[in-house]
Amino acid sequence: MTRNRKITLAAVAIALYLIGVPWLCAGRNYYLGVVTTASGLAVICAGVWLIFYIGRINIGQGAFALIGGYAAAIAVTKWGLSFWIAMPFAGLASMLVGMLIGLPLLRLKGVYFSMITLSLTETARLAAQSLKAVTNGPNGILNIPLPGELSIFGVTVIPDFATLNKHRALFYLGAVLLVVTYAVIHRVVNSRLGWLFRSLQQNEDLASSFGVNVPMLRVIAFAICTFFAGVGGAFFVVMQQSIYPATFAVQDSTYFLLYCFIGGLGFVFGPLVGTFILYMGFEVLQGFKEYQPLLYALLMIGVMLWLPNGLLSIRLPKFLPPKTPSRPASGGDI
Amino acid sequence: MAIMEVVKLTKRFGGLAAVNNVSFDVHEGEILSVIGPNGAGKSTLFKLISSFLPATSGKVVFRGEDITSQKPHVVARKGVIRTFQETTIFRDMTVLDNVVVAHHLHSKASLIGFFLGTRVARDDEAGFRRSAEEIIDFLGIGQMRDEAAKNLPHGHLRALGMAMGMAAAPKILLLDEPFAGMNAEETESALGMVRGIRGRGITVLLVEHDMPAVMKVSDRIVVLNFGEMIAEGAPSEIQENEAVIEAYLGREDEELGI
C-alpha cells in the first residue's frame, strides 16, 4: 500500500470509530462503556506488545498500570492537581519506576525475565494494600472527580466533563489516547528505532557486535511500555472514579499477553485488534463470564497451535495483496 | 605499525587456563590468522579480543587505547568489529536489511531523530541503503538482496556475515572461522572476499581451523596449543616449525594439508 492510501485508510478508520461508535451506542451507555474500557486496555496492551517486539515477555504490566492509577488518584485527590496534569504525571511516574526496576531486570533473558515480571503485579497489589498512608490501603481511593476543564490562555480546549455527557466524553478521551498511542508505536516500529528493536528480538549479541547499545535500548523500550501502562492506569481511575489494590490483578497482566497473541505479535495493530475482539466478545457473551479464565486459556493454546502469528496474519487474497515479510510484519518468534 | 597489541592475555575458567599469557601484535593492513588444534583456546581468545568475555589478566590495546573488558558495543564503536561463527544473522530480515541495520554505528541522527523522521535520519537511511547495496554487490550476494536471510545457502550466509562486518566500517575486522564447513569452491570464494576486505584497508584477524585456506590467505600466523602461543610467523615459517607440526600431528608426520 502506498503511503497516501495508508493515511487515508487510517483517517477513515478513526473517523468511523469516533462517529460510528457513539452513534451505535446512543442511549446504551453500558455498551459505550465497554468500548471505552477496551480502548483503555488497548493503550496498556500496546506496551506489552512492544516488549514482545524486543524479544521479552512482560507479565507485569498490571503493576505499572496500578502505579499509574495510584499516581493519578493521589495527584488529583491529595494534591488537587488537574487530571490533565495528573495523567501525564502518572505516565512518567510509572515510567520512572519501570526504568528503575528495568535496569537490573532487563539483564535477564527469556523465562527469567518473565518470571520476575509475573511477580510484580502481586507485589504492587500488596504494596498498595499495606502502604495505608499513601494509598488508603484496601479501602482504595474513592470519589475521584471527573476531568475538569482544560484551558490554555483562557481559551477552553476541553470543557469540564461534569457539564458533558460523561459516558461520551470518556469515550472520546479513550479514543484520543488510543489513536495517539498507536500512532506513536507505529512510528517507533517503522523508524530506525524499530529496526534496532527487531535486531534485539532476533539476536542481542549480533546487535551489540556492530555497536548497538543493547542495554540502553531495552530500557528505552521498557520506558515506553511502562509510560503507556501509567497513562492507561490513570484513564481507568478517572473512568471508574476510584482505585483499589485489586484494580489491576495478575489476571489482567496475563490477559494483556493473550490480547497480543490473538491480534498477532508481528503487527503493530495486533494488540489493538486482540483487545477489542476478546474484551468486547466476552462482554457480549455475558453468560460465559464465570468461565472466562478457562476459555481464555483454551484460546491461548489454540492460537499458539493454529494461528501463531495472530488474527492479523489471516489474509483475504481477493481484497488484500499477499503478506510480504516487509517492515511492520516481521518478527513473530519470541 | 601495530594497530592492536595483545599483551599477556590470560583467561582462566576455574583452574583451567583457556588462554594463558598470550602476546602478539596485529599490524595495520595485514591478514593475521590464529590457528590451533581443537580446544587450543582460539575461540576464547577471539571473545577476549572482541570483549564478549572479560579477561582474567593481561590487556588488549587498540590504537594505543586499552580496550580490555569493555562493553562489546563500546569496543565496536572504536572500530573493532567481530563476525560470528555459523549462522548468526537476523534470520527474519532480508539480506539487504541485515546489512542496512549493521550500519548503525554511522548514524548521525539521535533516537528522537529516528522517531520524528528528521532530515538527518532520512539521509542516514538512504545512505545506509546505498552503502549496503554496494557491499553486498562487492561480496557477490547482490542478487539475493530481497531474500529472507534464513533462506540463504551456507556459503552465502558467511558472505552476509562478512557484509555486516564491513557495514560497520571497522578498522579491524575479527572473523570467527570464516571457512568452517565450506567446500573447496566456497572456500575459494570466501578467500577472495577476505582479500577484498583487506584490499579496502581493513585489517583482518581471523580464527580458523582450515589449514590450507589459512596458509593461502594469511600474511602472518599465530599458533595456539593448550592456551599458549607456540609459534608466530609467516606461513612458510609456520609450515616448517617443529612445535607446530608436533602440536597438530603428534610425533609422527602424517598427511595434513600443510
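**Chatting through chains A and B**

Me: Starting with chain A: of the contacts between residues at least 6 apart in sequence, what share joins residues at least 24 apart?
Reply: That share is 77% in chain A. Keep in mind that this is a predicted model.

Me: OK. What's the secondary structure of chain A made of?
Reply: Chain A has 13 helices and 2 strands. Its radius of gyration is 20 Å, close to the 20 Å that the globule rule gives for 334 residues, so chain A is as compact as a globular protein of that length.

Me: And what box do the C-alpha atoms of chain A fill?
Reply: Roughly 50 × 50 × 45 Å, taken along the principal axes.

Me: How much of chain A is buried?
Reply: Buried residues account for 46% of its 334 residues.

Me: Let's zoom in. How do α2 and α11 of chain A cross?
Reply: The axes of α2 (residues 29-53) and α11 (residues 250-263) in chain A come within 9 Å and cross at roughly 70 degrees. Angles of 65 to 115 degrees count as roughly perpendicular, and α2(A) and α11(A) are therefore roughly perpendicular to each other.

Me: Which residues meet there, between α2(A) and α11(A)?
Reply: From α2(A) you get A:Ile44, A:Cys45, A:Val48, A:Trp49 and A:Phe52. On the α11(A) side they meet A:Phe256, A:Leu257, A:Tyr259 and A:Cys260. By class, that contact has 9 nonpolar residues, with no polar and no charged ones.

Me: Switching to the interface. How many residues of chain A are in contact with chain B?
Reply: 22 residues of chain A are in contact with 26 residues of chain B. On the chain A side, α7 (166-190), α8 (192-202), α9 (204-209) and α10 (214-240) each supply at least two residues.

Me: Which of those gives the largest share?
Reply: α8(A), with 6 residues. By class, the side of chain A that touches chain B has 10 nonpolar, 10 polar and 2 charged residues.

Me: Now chain B itself. How is chain B divided?
Reply: Into domain 1 (1-79 + 170-258) and domain 2 (86-169). The C-alpha centres of those two domains of chain B lie 26 Å apart.

Methods: Residues numbered from 1 in each chain as written. Chains lettered and ligands numbered in written order. Predicted model: local features only at pLDDT ≥ 70, side-chain atom pairs only at ≥ 80, totals over all residues. Contact = placed C-beta atoms within 7 Å. Helix = DSSP H or I, 4+ residues; strand = E, 2+ residues; numbered from the N terminus. Nonpolar A, V, L, I, M, F, W, Y, C, P; charged D, E, K, R; others polar. Rg over C-alpha atoms; globule rule 2.2 N^0.38 Å. Buried ≥ 20, exposed ≤ 12 C-beta atoms within 10 Å, placed from the backbone. Axes fitted to C-alpha atoms, helices over the stretch in contact; angles between N-to-C directions. Parallel < 35°, antiparallel > 145°, perpendicular 65-115°, else oblique. Domains from an automatic or database assignment.
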